[in-house]
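This report describes selected local features of a single structure. The sequence and the coordinates are shown first, and the description follows.

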Amino acid sequence: MPLDEISKKIIRKFQWPISGDSSFTNKPSVYKMAREFHVHPKVIKNRINNMLESGLIRGVKFYANSRFVPWNRYFILIGAGNSFAKEIHDHFSEFSQIERVIFGTLKLPNQPDANGDVNVEREFSSISMIASNDSDMKVQLYNLEKTLGHALNIAEIMNESPKKEEVISPGEQYILNAVLYQNPLSMSINKIAHELGVPARTVRRRVMRMLNAGVIYEEVSLDTNIAQGVLLPSIILNGDYQKWLPAINESKFLQERLLLYKNWSRFSFFIFYAETFSNVDQLIAHAREIDPASMLTYRNGSYNNPHVKYPPPEIEE
């Protein structure tokens, strides 16, 4: 689908909660965006529906920051691309501890191949997996390989949160788990309160505390192949996006084209738009002025597992 200026502005509104808008108290509002963009609300509704129906926006999902919960999240980097991601997707129902699969094509900096060519392109996939500990993760990988009937071409296994912050209480984890199963675009505190048999004011207070503490975050998944008229590459940098965002915003070229940013284990993704392949080359050139080790990736997408099950909280004695 064509990605015009209004669609780009709408996508930026999904940058949450860093933008200051909490989806619990202030969901991306059609009417607020219409006033801000000086268009009719029907225009905003149509753009959002088109992006969802076309698959450009694959979905919007709540995630738990694994630094605050008693389980770990692992990112398993696989040396294979979209076909492998689709293979995992087809077995989602058998693996409820796989949250999602991310895939794309990676352009590596200054790494010549056997022919001496630099900026080598490689396809990759990454499995986001929930596990109690390293042993549990290895058992899951063994079972996955057994189900698929072949070994995984694992490039690296990354534990997203080897260092824990203060783990939330079992009471808050019950509420957190309920939130994780909700669609952020239709989230209802009252519905969660009814399902858990807890007063809505209590749920709202606990949710806001977890929001403020950074326990809950939200991500929009894009399939960058769907966009028409523009290219949607990403720059990958080593480290949290808060480390790099100030420098990116200081670059007029990068700041004007930035759509979204998110963390991915020890790396951060910055998603841009570019009108031409020449602009893509400019993007990576500007990014490598900030960090020479910057990597560029494109033809990106992800599959969220609708069958994911989050570990229940442990009952306190």
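## Surroundings of Gly 301

Apart from neighbours within four places in sequence, Gly 301 is in contact with Val 101, Ile 102, Phe 103, Leu 222 and Asp 223. The model under discussion is predicted.

Gly 301 belongs to strand β10, which covers residues 295-304. Its relative accessibility is 4%, so Gly 301 counts as buried, the cut-off for that class being under 20%. Between Gly 301 and Glu 314, 13 residues apart along the chain, the C-alpha separation is 34 Å.

## Ser 265 in the loop between β8 and β9

Ser 265 is placed in the loop that runs between β8 (258-264) and β9 (267-272). With a relative accessibility of 16%, Ser 265 counts as buried. When residues up to four places away in sequence are not counted, Ser 265 touches Phe 75, Met 158 and Glu 160.

## Packing of helices α1 and α3

Helix α1 (residues 5-12) and helix α3 (residues 41-54) have axes that come within 10 Å and cross at roughly 75 degrees. Because of this angle, α1 is roughly perpendicular to α3, a class that spans 65 to 115 degrees.

On the α1 side, the contact is made by Ile 6, Ser 7, Ile 10 and Ile 11. On the α3 side, Val 43, Ile 44, Arg 47, Ile 48 and Met 51 take part. Sorted by class, the contact of α1 with α3 comprises 7 nonpolar, 1 polar and 1 charged residues.

Definitions and conventions: Residues are numbered from 1 along each chain as its sequence is written. This is a predicted model: local features need pLDDT of at least 70, side-chain atom pairs count only at pLDDT 80 or more; totals for chains, interfaces and linings use all residues. Side-chain values use heavy atoms; hydrogens and water are left out. Helices (H or I, at least four residues) and strands (E, at least two) are DSSP runs, numbered from the N terminus. Buried means under 20% relative accessible area, exposed over 50%, partly exposed in between (1.4 Å probe, protein chains only). Contact means heavy atoms within 4.5 Å. Axes are lines fitted to C-alpha atoms, for helices over the stretch in contact, and angles run from 0 to 180 degrees between N-to-C directions. Angles under 35 degrees count as roughly parallel, over 145 as roughly antiparallel, 65 to 115 as roughly perpendicular and the rest as oblique. Ala, Val, Leu, Ile, Met, Phe, Trp, Tyr, Cys and Pro count as nonpolar, Asp, Glu, Lys and Arg as charged, and the others, Gly among them, as polar.
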